[in-house]
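Here's a quick walk through the fold and its charge pairs. Have the model open alongside while you read.

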Amino acid sequence: MVGDGSLTDEAFASLKHWPNLDNLLLNGCSGITGEGIRIIVETRPEIRTLYLMDTSLDDTAIPHVIKLKNLEDLKIDGTKITQAGMEKLAGLRGLTALGL
């Protein structure tokens, strides 16, 4: 799934309809919040790639992101996630690529 910038949290409930989806590219989707990340984690916990560049996400998304145990590639460039939030990502043992 590729974001077009207009997606909001409400759109993510439909992810349950795509059982093979394991890559989400949501760059520039400024309507996404920590609540949207929670919905993503609940509906698609097997996500391997998550691109959230240039979104308005902050540290409230991190407790949800770290539940993605299969996450390999995470891009959070251009977000409001702080150093403290980034340090919590250390728990993602399968992460092989991280864009800050």
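## Fold and overall shape

Reading from the N terminus, the elements of the protein go β-α-β-α-β-α-β, where helices (H or I, at least four residues) and strands (E, at least two) are DSSP runs, numbered from the N terminus. That gives 3 helices and 4 strands. The radius of gyration is 12 Å, close to the 13 Å that the globule rule gives for 100 residues, so the protein is as compact as a globular protein of that length. For the record, that radius is taken over C-alpha atoms, and the rule is 2.2 Å times the number of residues to the power 0.38.

One housekeeping note: this is a predicted model, so local features need pLDDT of at least 70 and side-chain atom pairs count only at pLDDT 80 or more, while totals for chains, interfaces and linings use all residues. Residues are numbered from 1 along each chain as its sequence is written, and side-chain values use heavy atoms, with hydrogens and water left out.

## What's tucked inside

Of the 100 residues, 41% count as buried (under 20% relative accessible area; exposed is over 50%, partly exposed in between, with a 1.4 Å probe and protein chains only). Helix 1 (residues 34-43) contributes Gly 34, Gly 36, Ile 37, Ile 39, Ile 40 and Val 41 to the buried set. Their cover includes strand 1 (23-25) and helix 2 (62-65).

Contacts (heavy atoms within 4.5 Å) reach across the chain too: among those between residues at least 6 apart in sequence, 57% join residues at least 24 apart.

## Salt bridges

The structure holds 5 salt bridges, each a side-chain nitrogen of Lys or Arg within 4 Å of a carboxyl oxygen of Asp or Glu. Arg 38 takes part in a pair with Glu 35, with the closest N and O atoms 2.3 Å apart; the two sit 3 residues apart in helix 1, about one helical turn. Arg 38 also bridges to Glu 42, at 2.7 Å between the closest N and O atoms. That pair is 4 residues apart in helix 1, again about one turn. Arg 38 is partly exposed at 26% relative accessibility, Glu 35 is partly exposed at 38%, and Glu 42 is exposed at 55%.

Then there's Arg 48 with Glu 72, closest N and O atoms 3.0 Å apart. Arg 48 lies in the loop between helix 1 and strand 2 (49-51) and Glu 72 in the loop between helix 2 and strand 3 (73-75), so the pair ties together parts that are 24 residues apart in sequence.
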